[in-house]
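Me: Please examine the structure shown below and answer a series of questions about its architecture, its packing and its charged pairs.

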Amino acid sequence: MKKVITFGTFDVFHVGHINILERAAKQGDYLIVGVSSDELNFSKKGRYPIYNENDRCKIISSLKYVDEVFIEESLEKKKEYIINYDANILVMGDDWTGRFDWVNDVCDVIYLPRTPSISTTEIIEVVKSSKR
């Protein structure tokens, strides 16, 4: 069985998230998704997600493409997560191209194109500006 693993925050869930998870699932037989913890998101982006980690995990685990979900506590543990979940393939969006090639010794790495013209950050900015 080919296991695929991917990671993300998946805050303010949108069609781009669905697209990447659907395409990731097609790379193998079993899809595992690491959802960034609230603290990890704060350390990366300087803000907490709109939805907390438990709600985001529930959203992701409800998708038919997703077989297993866990909370990602640290970016530095990517290789450890890949090994612990016995993943054969890491899938990431192409905005990360080359940045995870260092795990090639434990799995294949595939960078998939992101859905054009949609991002959580842009959605949050639109919502914030429309409230004024």
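The questions and answers below concern this predicted model.

Me: In what order do the elements of the chain run from the N terminus on?

Reply: The model is predicted, and its chain has five helices and five strands. Read from the N terminus on, these elements follow the order β-α-β-α-α-β-α-β-β-α.

Me: What percentage of the contacts between residues at least 6 apart in sequence join residues at least 24 apart?

Reply: The chain has 132 residues, of which 41% are buried. Its accessible surface comes to about 7,400 Å², with 50% belonging to carbon and sulfur atoms. Among contacts between residues at least 6 apart in sequence, the share that joins residues at least 24 apart is 62%.

Me: Which element supplies the largest share of the largest nonpolar core?

Reply: The largest nonpolar core has 16 residues, and L21, L31, V33, I60 and V66 have the most contacts inside it. At least two residues of this core come from each of helix 1 (15–25), strand 2, helix 3 and strand 4 (89–93). The largest share, four residues, is supplied by helix 1.

Me: Which residues does V66 touch, not counting those up to four places away in sequence?

Reply: V66 is one of the residues with the most contacts inside the largest nonpolar core. With residues up to four places away in sequence left out, V66 touches L21, L31, V33, I60 and S61.

Me: Why do the buried residues of helix 1 line one face of the helix?

Reply: The buried residues in helix 1 are G16, H17, I20, L21, A24 and A25. They line one face because, in a view down the axis of helix 1, they fall within an arc of 165 degrees.

Me: Which elements do the buried residues of helix 2 pack against?

Reply: In helix 2 (residues 38–45), the buried residues are D38, L40 and N41. Seen down the helix axis, the buried residues fall within an arc of 160 degrees, so they line one face of helix 2. E39 and S43 are exposed on the other side of helix 2. The buried residues pack against strand 2 (30–36), helix 3 (53–61) and strand 3 (68–72).

Me: Is R56, the salt-bridge partner of D38, buried or exposed?

Reply: D38 and R56 form a salt bridge in which the closest N and O atoms are 2.7 Å apart. The pair links distant parts of the chain, with D38 in helix 2 and R56 in helix 3, 18 residues apart. D38 has a relative accessible area of 17%, under the 20% limit for a buried residue. R56, with a relative accessible area of 0%, is buried.

Me: What is the relative accessible area of D11, the residue that forms a salt bridge with R47?

Reply: The closest N and O atoms of R47 and D11 are 3.7 Å apart. R47 lies in the loop between helix 2 and helix 3, whereas D11 lies in the loop between strand 1 (3–8) and helix 1, 36 residues apart. R47 is partly exposed, at 25%. D11 is buried, with a relative accessible area of 3%.

Me: How many residues apart in sequence are the parts tied together by D95 and R114?

Reply: D95 forms a salt bridge with R114, and their closest N and O atoms are 3.1 Å apart. D95 counts as partly exposed at 40% relative accessibility, and R114 likewise counts as partly exposed at 41%. D95 lies in the loop between strand 4 and strand 5 (108–112) and R114 in the loop between strand 5 and helix 5 (120–130), so the pair ties together parts whose separation in sequence is 19 residues.

Key: Residues are numbered from 1 along each chain as its sequence is written. This is a predicted model: local features need pLDDT of at least 70, side-chain atom pairs count only at pLDDT 80 or more; totals for chains, interfaces and linings use all residues. Side-chain values use heavy atoms; hydrogens and water are left out. Buried means under 20% relative accessible area, exposed over 50%, partly exposed in between (1.4 Å probe, protein chains only). The arc is that of the directions from the helix axis to the C-beta atoms. Contact means heavy atoms within 4.5 Å. A nonpolar core is a set of buried Ala, Val, Leu, Ile, Met, Phe, Trp, Tyr and Cys residues joined through side-chain atoms within 4.5 Å. Accessible areas come from the Shrake-Rupley method with a 1.4 Å probe; for residues, only the protein chains shown count as cover. A salt bridge is a side-chain nitrogen of Lys or Arg within 4 Å of a carboxyl oxygen of Asp or Glu.
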